[in-house]
Amino acid sequence: MSAYGAITRSLAGKALSPLATTIWTSKTRSGSLEDVAVYHLRLDAARGLTGLLEYMHSVFSKVIEEGRTYPQEGYLDQNAFESYFGAEDIFVGIALPNKVLGDTFETRETSVKILDAKGTRSWEEAIAGFYYVKPNYPGRSSHVGRYTQHKSNRADIVQICNGGFVVPSINQGKGYGKALGESYLHYAPKLGYRGSVFNLVYVNNTASVRIWEGLGFIKAGRIPSAGRLKTKDGEGEDTNHLPGTVPIWKRGEEPLPPGLTEEDRPMLEQQKKWEGYAGMAMESCATKTVLAGGAGFGIGAFFSLMSASFAYEDPYLRSQTQTQAQLNTTQKASAIFKEMGKGMWTSGKGFAKVGALFAGIECVVESYRAKNDIYNSVASGFLSGGILARNSGPKAVLGGGVAFAAFSAAIDTFIRREPADDD
């Protein structure tokens with residue numbers, strides 16, 4: 001139910017047969033891969049799967065109780081949930097225990113039935129996530145002024161759709177949300193839609209914002225104090241939300257950049273695929289650890305070089321032997337540069353060790369929690385500080401952890417601060 005009342009597609013849309021099941025690859029931040037089979041269901045078909053809607057209702061009820069992503073308040077009974085979530089098209093993602101085609105990221109269809117994909121697992125163990133698709137606006141705003149003829153020989157009004165996504169808390173951080181979002185852009189055009197609008201994407205829902213921005217959604221605006229949400233401790237807070245909109249095109253029919261023709265499409269698709277591989281590689285914890293270590297080494301070496309360049313004392317005036325006193329200027333300069341190099345190497349290794357350790361731990365913590373907030377930095381700082389001080393005794397471990405956690409919290413708070421609004 002929307003502000004306009006019940007919104008449905010034309011009656012012709014009711015006869016639409018279920019769309020083909022597709023398999024999508026998800027990737028966690030730690031780099032592991034898993035396939036998700038996405039099934040298209042109507043409400044009657046979902047009711048025929050024992051326990052499915054009941055489990056979906058229980059998960060959605062927990063989301064509403066948490067009060068951080070959906071606007072509803074209070075308890076929705078089973079009938080109310082089915083009316084809301086099953087008004088049009090339902091899509092259920094089933095996590096497949098083994099990848100179907102190795103490390104490929106290509107979308108592919110499958111004839112495996114949903115109960116066969118579920119196997120002996122419970123719905124809780126099998127479901128990666130689920131979402132609905134339905135028109136966003138009624139009547140005069142439900143179309144773009146023309147009719148389209150689908151391959152199913154069904155004429156339907158081209159509409160703007162909306163989707164509502166749920167990933168159970170036990171599955172967050174596994175990349176299922178992005179896989180479901182990609183499937184949404186695949187299925188919505190097949191249902192007759194040519195545009196999508198998300199009315200409420202709260203800014204504190206960083207995972208959702210990151211997914212939709214990565215899939216090409218455009219922020220249509222930012223409305224202040226649009227949500228009275230709960231925090232983790234149950235207290236209320238006002239937050240902004242970002243309406244988002246994006247045009248949806250069938251795969252292989254997306255508009256080409258200026259200057260390119262259809263002959264260039266295969267090359268463009270190949271380029272996008274490799275860009276996707278590169279992006280996933282950059283998001284992996286191993287890559288982040290290596291990059292942080294490299295950056296730390298560079299910073300440490302630079303600081304050592306700067307400190308050495310400001311030093312006015314000739315290291316060979318400290319304790320010259322007779323042999324050293326006989327060195328000429330070139331030999332002394334060579335010896336000084338060698339000592340500076342040793343200092344840069346030692347300082348660089350120390351900074352690299354700290355940077356790699358902190359970045360690796362933070363990536364693992366963020367992947368496990370499936371959230372991006374200050375608590376990741378605090379936990380990572382505490383663990384890093386404790387590990388670095390492990391050889392100095394329990395008190396040093398505790399003190400080092402607390403000090404590093406406080407420093408990390410201060411830096412993270414500074415980075416996350418909201419810019420002042422312009423008057």
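In this predicted model, Arg 42 forms a salt bridge with Asp 89, the closest N and O atoms lying 3.1 Å apart, where a salt bridge is a side-chain nitrogen of Lys or Arg within 4 Å of a carboxyl oxygen of Asp or Glu. The pair links distant parts of the chain, since Arg 42 sits in the loop between S2 and H1 and Asp 89 in strand S3, 47 residues apart; helices (H or I, at least four residues) and strands (E, at least two) are DSSP runs, numbered from the N terminus. Both Arg 42 and Asp 89 are buried, a word that stands for under 20% relative accessible area, with exposed meaning over 50% and partly exposed in between (1.4 Å probe, protein chains only).

Residues are numbered from 1 along each chain as its sequence is written, and side-chain values use heavy atoms, with hydrogens and water left out. Because the model is predicted, local features need pLDDT of at least 70 and side-chain atom pairs count only at pLDDT 80 or more, whereas totals for chains, interfaces and linings use all residues.

Arg 42 also meets the side chain of Glu 88 in a salt bridge (3.6 Å, N to O). Glu 88 lies in the loop between helix H3 (78-85) and strand S3 (89-95), and Arg 42 in the loop between S2 and helix H1 (43-47), so this pair ties together parts that are 46 residues apart in sequence. Glu 88 is buried, its relative accessible area being 2%.

Asp 89 has a further partner in His 40, whose side chain makes a polar contact with the side chain of Asp 89 at 2.7 Å; a polar contact is a pair of N or O atoms within 3.5 Å, where within protein one must be able to donate a hydrogen and the other to accept it, and residues adjacent in sequence count only if both atoms are side-chain atoms. His 40 is found in strand S2, is buried with a relative accessible area of 5%, and reaches the backbone nitrogen of Leu 19 with its side chain at 2.9 Å.

The structure holds 6 salt bridges, and another of them joins Arg 108 to Asp 35, with the closest N and O atoms 2.9 Å apart. Here Arg 108 belongs to strand S4 (residues 108-110) and Asp 35 to strand S2 (residues 33-41), 73 residues apart, and both Arg 108 and Asp 35 are buried.

As for the whole chain, it has 13 helices and 13 strands, and 39% of its 423 residues count as buried.
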